[in-house]
Amino acid sequence: ANFEKKYQPVPKYPAIIEDLSLIIPEKVFYGDVVSLIKKSSPLISSIDLIDVHEETKTLRLTYLDPNKNLTDKDVAEIRAKITKKLLDLKVQTK
């Protein structure tokens, strides 16, 4: 346990939450997929695994910019970058 307290202020701007379903091949590690997604953009504040069904894993991505409101266009650009990187790993999106 760590007794050092860390203050994190409440975000001034709202987050955008998006679910992404992936078919991850057996040869690809889940940790590698999460790491790749996190490295795609500093605006991704969290990634949570919310569902597993057969080969499909559903991730909940939270996008947050502390300096402005994010638009659908901003998130679409990040999603396109993530999708392109995932295809290089042979991970399919649903």
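I count two residues as in contact when heavy atoms lie within 4.5 Å.

**Ground rules**

I am reading a predicted model, where local features need pLDDT of at least 70, side-chain atom pairs count only at pLDDT 80 or more, and totals for chains, interfaces and linings use all residues. I number residues from 1 along each chain as its sequence is written, and side-chain values use heavy atoms, with hydrogens and water left out.

**Overall picture**

I started with the elements, taking helices (H or I, at least four residues) and strands (E, at least two) as DSSP runs, numbered from the N terminus. I found two helices and four strands. Read from the N terminus, their order is β-α-β-β-α-β.

I then looked up the extent of the C-alpha trace, which spans about 40 × 40 × 20 Å along its principal axes. For accessible areas I used the Shrake-Rupley method with a 1.4 Å probe, and for residues only the protein chains shown count as cover. The protein's accessible surface is about 7100 Å², and carbon and sulfur atoms own 53% of that.

Of the 94 residues, 29% count as buried.

**The two helices**

How do the axes of α1 and α2 cross? I note that axes are lines fitted to C-alpha atoms, for helices over the stretch in contact, and that angles run from 0 to 180 degrees between N-to-C directions. Helix α1 covers residues 30–40 and helix α2 residues 72–88; their axes come within 9 Å and cross at roughly 145°.

I looked next at which residues meet there. From α1 come V33, L36, I37, K39 and S40, and from α2 come K81, I82, K85 and L86. This contact holds five nonpolar residues, one polar and three charged. My classes are these: Ala, Val, Leu, Ile, Met, Phe, Trp, Tyr, Cys and Pro are nonpolar; Asp, Glu, Lys and Arg are charged; the others, Gly among them, are polar.

**Salt bridges**

I took a salt bridge to be a side-chain nitrogen of Lys or Arg within 4 Å of a carboxyl oxygen of Asp or Glu. How many salt bridges does this rule give? I get three.

One pairs R79 with E18, with 2.8 Å between the closest N and O atoms. This pair links distant parts of the chain, since R79 sits in helix α2 and E18 in strand β1 (residues 16–23), 61 residues apart. R79 is partly exposed because its relative accessibility is 32%, while E18 is buried because its relative accessible area is 14%.

Another joins the side chains of D19 and R60, again listed at 2.8 Å, N to O. D19 lies in strand β1 and R60 in strand β3, so the pair ties together parts 41 residues apart in sequence. D19 is partly exposed at 41% relative accessibility, and R60 is partly exposed at 32%.

I also found K68 with D74, their closest N and O atoms 3.7 Å apart. Are these two buried or partly exposed? K68 is partly exposed, with a relative accessible area of 39%, and D74 is buried at 19% relative accessibility.

I looked up T62 in strand β3, which runs over residues 56–63. Why does T62 count as buried? Its relative accessibility is 13%, and so it counts as buried. Leaving out residues up to four places away in sequence, T62 touches A15, I16, I17, L43, I44, S45 and S46.

Then I turned to Q92, in strand β4 (residues 92–93). Q92 is partly exposed, its relative accessible area being 46%. With residues up to four places away set aside, Q92 touches S21, L22 and I23. Q92 and S21 are 71 residues apart in sequence, and their C-alpha atoms are 8.5 Å apart in space.

My last entry is K5, in the segment before β1. K5 counts as exposed because its relative accessibility is 81%. From K5 to T58 I noted 53 residues in sequence and 32 Å in space, C-alpha to C-alpha.

Key
Buried < 20%, exposed > 50% of the residue type's maximum accessible area, 1.4 Å probe, protein only.
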